[in-house]
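Please walk me through this structure, starting with the charged side chains and ending with the strands.

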Amino acid sequence: LESSLLTQPWASVCFGESVFLAKACFRDTGYILLISDLNSVWYESADAEAVGQRSKELNKRLTVHVSSFLHRLYNLMRPLLAGEPDATTSFSCRHTASGLSLHVKSELSGLPLYWDFHCCPAPMEMVSRHLVRPLIRMSLTLQYQVQELTSLLLQKDAEIEDYRESGAALSRDRLQTEPFREETFQQNFMAE
């Protein structure tokens with residue numbers, strides 16, 4: 001499950017006034033949820049047996065096969081992670097001594113459905129693998145792209161200057177631009 005979680009994108013989710021980043025992976029055999037407020041990172045990984053046990057504790061009137069219950073949990077979480085939470089499902093979270101608890105309340109076949117994700121602090125290796133390394137790689141990629149675009153702009157300015165020296169003129173003055181100033185751009189980029 002955790003290797004499949006690596007391919008899932010982070011999503012911004014709100015629980016009341018609190019904003020988190022979250023990603024999850026659900027299968028018939030269990031699920032894994034990773035959630036962060038950018039100060040801490042929590043996770044829960046549960047196999048089918050743990051899901052079945054907790055489902056019976058929280059939903060005494062509901063009888064459903066574990067794989068169906070996991071599929072329903074996925075269908076409840078998918079709109080939230082897509083930024084389009086379902087109005088019939090409510091999510092709330094609270095910090096606990098052992099981590100973060102995420103409470104889900106919905107319906108299944110006219111009966112109330114409850115679920116609690118009991119998230120504990122994520123190990124440093126997991127935080128590094130899912131958050132730190134991808135962010136560093138993305139930052140390096142963006143820096144490389146900025147360097148490539150800077151080089152391209154300088155080449156375009158040289159090309160335009162060559163046209164001007166050859167006697168070419170703009171047919172519309174509003175299209176004229178100032179030459180690219182790499183140092184000024186870098187200073188503004190860092191300031192922003």
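**Charged pairs and a hairpin**

Arg133 has a relative accessibility of 35% and is therefore partly exposed; here buried means under 20% relative accessible area, exposed means over 50%, and partly exposed lies in between, computed with a 1.4 Å probe on protein chains only. This is a predicted model, in which local features need pLDDT of at least 70 and side-chain atom pairs count only at pLDDT 80 or more, while totals for chains, interfaces and linings use all residues. Residues are numbered from 1 along each chain as its sequence is written, and side-chain values use heavy atoms, with hydrogens and water left out.

Arg133 takes part in a salt bridge with Glu125, and the closest N and O atoms of the pair are 3.1 Å apart. The term salt bridge stands for a side-chain nitrogen of Lys or Arg within 4 Å of a carboxyl oxygen of Asp or Glu. Under this rule the model has five salt bridges.

Glu125 also forms a salt bridge with Arg129, at 2.8 Å from N to O. Why are Glu125 and Arg129 separated by about one helical turn? Because they are four residues apart in helix 4, which covers residues 124–165. Helices (H or I, at least four residues) and strands (E, at least two) are DSSP runs, numbered from the N terminus. Glu125 is partly exposed at 41% relative accessibility, and Arg129 is partly exposed with a relative accessible area of 23%.

Helix 4 holds another such pair, Arg164 and Glu161, which lie three residues apart, about one turn of the helix. A salt bridge links Arg164 to Glu161, with 3.7 Å between the closest N and O atoms. Arg164 counts as partly exposed at 38% relative accessibility, and Glu161 is partly exposed with a relative accessible area of 36%. Elsewhere, salt bridges with shared partners connect Glu2, Glu125, Arg129 and Arg133 in one network.

The strands come next. Strand 5 (residues 90–96) and strand 6 (residues 99–108) run antiparallel and are joined by seven bridges; two strands pair if DSSP finds at least two bridges between them. How many residues lie between strand 5 and strand 6 in the hairpin they form? There are two residues between them. Thr96 has Gly99 in strand 6 as its bridge partner.
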